[in-house]
Structures are given as structure tokens and as C-alpha cells.
Amino acid sequence: MAQPKQLRRRTFRDFGTRLAERTISAFLLEEAHGRLFLLIPVFLGLGVVFWFSMARDPPAWLGAMALPLLLAGLTLGWRGRSLAGHLLMASGLVFAGMGLAAFETLRHATVVLDTPVTTRLTGVVERREAAGEGRWRYEIRLTGTRAPILIRQPEKVAVLARGRGAPVEPGQTISGLARLSPPSGPALPGLSDFGFSAYFDGIGAIGYFYGAPSAGAAPDEDIGAWQRLRIELFALRGAIGDRIRSNVPGDAGAFAAAIVTDERRAISRDTLEALRLSGLAHIVAISGLNMALAAGIFFVGVRTLLSLMPVFAQSVATKKIAAAGALVMVTAYYLISGFGVSAERAFLMMAIMLLAVFFDRPSISLHNVALAALVILVVSPSALLGASFQMSFAATAALVAGYAAWMSHRNRSEDHAPRPTGGPLSGLLSLGLAMVAGTAMTSLIGGLSTAMFSASHFHQLTGYGLVANLAAMPLISLVVMPCGLAGMLLMPFGLDAPFFQLMGQALDLVISVARTVAGWGGEMPTGRPHPCFLGLAVSGFLILVIFKTGIRLAGLPLMAAAIGMFVWSAQRPMPSLLIFEDGTLAALLDDRTASINRRKPPDFIYRQWQNALRIENTLQPLQRQPDDFGLNGPDQSNSPINASSPLPAVASSASDTPNPQRMPLSPEALKTAAKAFQTLIDTSPAGRFVCVIKIACLARTQEGIKIVMIEDGRYAGIGCDVADIVIAASARFETCRSGALLLNGKVLRLTGTVEIDFNGSHNKSDWQASGAVYGADRPWTISRTYDWRNRTFDADVPKPVRQLLAASEM
């Protein structure tokens, strides 16, 4: 028996040796092709992801490890020990990514509002954008607040205003009564954190004005040359958008303005929804497609004009002149685009491609894609975690790799294929078929390469995107972008109107295509994938795209594992109860059906719940009037604040809506409320919310668990007496004497959105729960721990909540 064992061991050892030798040989071949350069942004991005994904800030010395590791790797490489050198270089790049992420976080240091507040603000408009339906969205650099004064005042806020008057221009002072709130966190654990992106955008609060704000003259303060230039660029951007919308009314004009200036909020919700469902939403954003079409049209146009002068064309490199002109054009395009991530990525890509023309280098190559990614990772590493960065670079890399493979195949085929014959009609037919095939392949490759990100970030896929793109892209390529470019070039001379009107007519057809395809119902909710899905899928994708040798086959099992994990995660059971972080929205879940406590839930949040958990049916609450049970409804004085409501003069950091204090309930009223609550919760249908308007919503689960969601804080104590779970955002106390689980506003700020799985048991020890931001102590979450009354940071949650969440992590 010993001999066969030794033979097997020797066989495995020989196999391992041969595999290692072939792998090293393949890596050396990849290095000869220059492919290892493509791994630089990959390892740099790995460090960025690691640093941002930690619950607490990693030690600062990790970033400092990059320099010695990189130097050691270079030294070993010069001495001929390439493998060890490459490993040290890869490690150094990972640590460098951590250092870049730490530096960007320190550089921003955005002050985020801790709790919602109504205050009178004054500030300077840095940018404005039409938001449709007569509304304007302003980004305001705050200069002061009053009634109340915010001690932890954000530097910049984004506020929505509605008014028929002229909008406030960038650079002017704006003031008015506004309701401000912190940027929302993840809608569910594991979903995108909008507070993270707001932090790195410098936005410390979002909100809306009560009534039209008032405008004032520009302040006399010196705001710096760069800040002044930004304000002037945003003013120019707004003026261009206004001019386009004045020439082309309706959604077509808003669509045209979005393509030129990236102002998308003026497009109606119905049209945006149709574009999203049809897979045409990528056209709205200034991305690689728009920038490439604009640069290509300008480049080809300049070369064509120069070719009309044969003597000049023969004596001068017209290709480089056209590239220089196209570079100036795309730079101007980027400057009026609002500096979005997709526009930034597209600009860098096109700039690198056009600069390659000056050095007689290939313009379309993965090296240019890697260089553009490297620049963005160095300048703004936080962009890596956004869907825009991930989807745009994935699509670009896949298209470039596909183009290279097609060109290689075409060159091999032309060497052996006979030269085609035929007349002009045959040539036109071949050209038309080539355009259709090219559009189809582009849409197919782009859709497949971004599907993993669409499933991870938006939890849905589009079923008929290929059909919609085949119908719409010829209009975009042949009419929309050429007319938009001509209109922008002729705008200084006042000759732009006909071109923008023709552009609008073509976009009307694109919108019709989007609505038709969206009506087919091709949206496919994918559910919330496993946390490891995206990492596996991206790793497999990068290996397939980057490498040329047999190494790329290693990407196939990773992609297969990601798909298997995705399918497995789709079979996981749904949680039993969802509670949004502001305590105003909850849902009981059972068999793809959600019973919610609001007749009109916030669409932005609830749509994420539907897609992430594949909710198919929604049950609205049964509503009852307070008078039906002898309860006291809220006083009229406690209705939402209006512009004439009195405000307190006491300075504070933040407060709830400053309405007059409600009168406390009498003992008789408390008894009546307790009886009414008990009757409603005992007689309500299992798994269905019943709401007493403006007071509370109650529900009883199939397990017999009683849930009360308090709207009027005076009834929070009654909720504790009759329920097992009490959700009361306005409750001042943190625990129930009855032992019921209480989630008040402070607790929900610290945990974020909470999901609870009852596991079919009434016993709390059997429950599992998770909070979207629970345990996170990062700069973009620290504001959640601030107590403005005590002016201290307190991240402690009550013991019952802490025990429930801790038990789920074990």
C-alpha cells in the first residue's frame, strides 16, 4: 500500500510543480505584453475598499507602509528577482490605497447635521439646478443660522425650493426658513449609504425651504480664485441649461439639457422611470458614450474640413490638429458638466486617448483605461465605491477588450478571406448591417459587464435593454449628439435654436421608445445578493479582461462561484420586520408580501425595499379615526410648521420641529388610550397594520408579537404597556418598564435602518436583528452619536437593543 501512496504523492507534486512553472511563465509573458501595469489600479483600489469598509478607522501607520514596500519591490525587481518584487509592489499598492483613502477623508472633514431641525439659514449659492415642476435645487455654503443657531453648523447644504419667481443665481446670497435633515443612511443593512457619498461631496444636510427663499447681493468676502471660478462655471452651466429648456419645452428639453450640462432633475419622474426600466438611463448622464460621441464627431469634422485643403493637409499633421481641437472641446464639455464622477471618468479617458494621438500611440487600449482609473483613485478614491465609477469603468474595459478581440479576429480573417465584390447598394447594405451589429454588440457587452453592479447596487436587471438600445442609439449617434454639438458651437452667435429643436424632436422619439419598452414590463428584481457576491464577480471579471494568456481562465470559476452564490442568496428567507432609520416607515413581511404603516410610503426608500427583498405585494394600513375610540387627536397647533410659525430664540445645535408643546394627557385619556390600543391590537388581522390617524399604528404578527408604531409621542408609554415592540421616534425615554423592546429616535439614529427576523418565535432570545450602521464609527457616521442637548458624542444604545444586535452577530 505504501508504493501507491508514494506514487500519488509524487504525481501531485509533479503536477503542482508543472502548474507553478506554467503560471510563472504565463506571468512573465503577461509582463512582456505590459499587462501587469493594468494591475496597478486594481491593487490600489483593493486598499481603498479595505479602508472604507472597516467599521472603525484603521491605524494611520498602514498608509505609511506603502513607501518602503514599493521601494523594496523596485529594488528586488532591478536585481532580477521579479516575482518577489511584484509581490512587494502589490502589497505596497494596497497600503497606498489605504493611505489615499485616509487622506481624502481627512481632507474633507465634512460636518454632518446630527438631527432634523427647522431654522432660518443664510448662505451663498454655489450651484443651482432645475428640479422640475417649478422647483430648484440649491447647494448653499452656509454663512449663518438663527432661531435656532446650529452649533455644529454644516459648511454646505443642499436645499430644494419651490417658487414662481426668478431663481437665485450662483454667487448670490440666499436666505429663508428651511427644514434640514442629515443625509439618509442605507435603506437596509448592506445597501448603499447615501450619507457616505454626501460626506465626500461636502454636503452636511439636505432639506427644503418653507416658501420661496429671498435673494440678496453677492457677499463682499474673498472666497478664493478656485471657488469663484467654480461659481462662475456653475452659473454658466445653469444659463446653458435654461437656454436649452427655453428652446425645447417639456421632457425633451430637460433631456437635452441633461445631455449637455448633466442637469437631470428637471426630467419628470415618469420619463426617468421609463428610461430606467428600458435600460436607457445611461444616456441621461454625461458618460463615456456622450463624451466619445462628442469628441469623435468633432475630431472627424475637423479632419474632414482640413482635408478639403489638400496642400495644407499634406504638409501638416491634421490628425494631431483635430485631436488638439477635440481635446479643447471635451475640456469645455467637462467644465460645464457639474464635475460628476461619470463625466470626470469620461473626460480623463478621452483626454488620455486624444493625448495618445500626439505621441502616435494607440488611442483605444486597456492601458488608457487603467491610467484614467489610476488618476481618479489618486484624486478621489471614495468614488470607487459608487455605482457610477464601477459601472462606467466595467463597461469601458469590457468594450475595449471586446474591440481588441474583434480587431484581432478581423485581421486574421482578412488575411485569408477573398476581397468582397459588389456595387454601391451592396456596400451600403453591408455598412448598415455593420452598424446594427456594432450597436447590438456594444449594448450586449455593456449590459453584461454592468449586470453584476446593477444587481448589487440597484437589485434589478433590465430585460429588454438590448431592444431599446438598438432602437434609440442610432438617433443618439446620428442626430442628438451632432445637433447638440452644433448648437453649443453656435450658441455664442445666437444660431443654436434650430439645432436644439431638432435635437429635442429626436429625444422625443427616444422617450417614446423608452416608454414603449418600459410598458413591456421587463424589469427583473434580483434581490439583495450575498455580501461576497460582488467581490467574487469583480475578481473574475478583471482576470478575464486584463490577462491575455491562459491565466484569464482562472476568472471563469470565480464568476461561476459568484453566480452560484447569487442564486443561493435569492433563496434566503426574508426578514420579518423592517424599520426605517427615521422611525416613520415600517413593514411586516411574509411570503413576498409587505404590510406597511403608511398609505404613501417614501418612494425612494420603499422601492429599495421592494427590489432588495423582491416584495411583490403591498398591503396598505387600515385606517381609523381617533374619535372612534374617544382619543384626542393632535392639536391644530401641532400641524407641520409653516413660514409664519413662531420659532424659539434659544440657541441650540438642532431640535425637532419647533411647534408648541402638546398638552400632556390626563389619566382618563391614558386609560382610554390603553383600552383602545389593546382592542385594536387584539382584533386587527394578523400581519396587517391598523392605524389611528396621527396617533399610532398597531399590528400583530402570525407569532402573536405585538407591534406599536407611535406618531404622537404622548402615547409612547401606552405603547410600552400593550406591545412587545414599540417604535416611537419622538419618545424621550429609552427603555420600557414593561420589558418591551423600544426603538426611539436616538436609538434608530445609532443603528440606522433595522431589520428583525422573529424566526417563528415569540421569545426575544430567538430573534435576530441587524442595524444598517450599527457599530460603525467612521467620520461619515460620527454625527449620529452627537447629542445636541449635552453637546457630547454618545454611541451607547440601551441594553435590550444592544443584546439583540450583539446576539445576531455571534
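This is a predicted model: local features need pLDDT of at least 70, side-chain atom pairs count only at pLDDT 80 or more; totals for chains, interfaces and linings use all residues.
C483 has a relative accessibility of 8%, so it counts as buried. The cut-off for buried is under 20%. Now look at C532. Its relative accessibility is 42%, so C532 counts as partly exposed.

Next come the bonded cysteines. A disulfide is a covalent bond between the sulfur atoms of two cysteines. How many disulfides does a search of the whole structure find? The search finds 2.

Take C691 and C697. A disulfide joins them, with an S to S distance of 2.0 Å. The torsion about their S-S bond is about 110°, so this disulfide is right-handed. Are its two cysteines buried or exposed? C691 has 4% relative accessibility and therefore counts as buried. C697 has 9%, so C697 counts as buried too.

Move along to C720 and C736. They are joined by a disulfide as well, with S to S at 1.9 Å. Here the torsion about the S-S bond is about -45°, so the disulfide is left-handed. Where do the two ends sit? C720 lies in helix α23, which spans residues 716-722. C736 lies in the loop between β17 (725-728) and β18 (741-744). The two cysteines are 16 residues apart, and the pair links distant parts of the chain. Both C720 and C736 are buried.

Finally, consider the pairing pattern. Number the bonded cysteines of the protein in sequence order, and the pairing reads 1-2, 3-4.

Notes. Residues are numbered from 1 along each chain as its sequence is written. Side-chain values use heavy atoms; hydrogens and water are left out. A disulfide is a pair of cysteine sulfur atoms within 2.5 Å. Buried means under 20% relative accessible area, exposed over 50%, partly exposed in between (1.4 Å probe, protein chains only). Helices (H or I, at least four residues) and strands (E, at least two) are DSSP runs, numbered from the N terminus.
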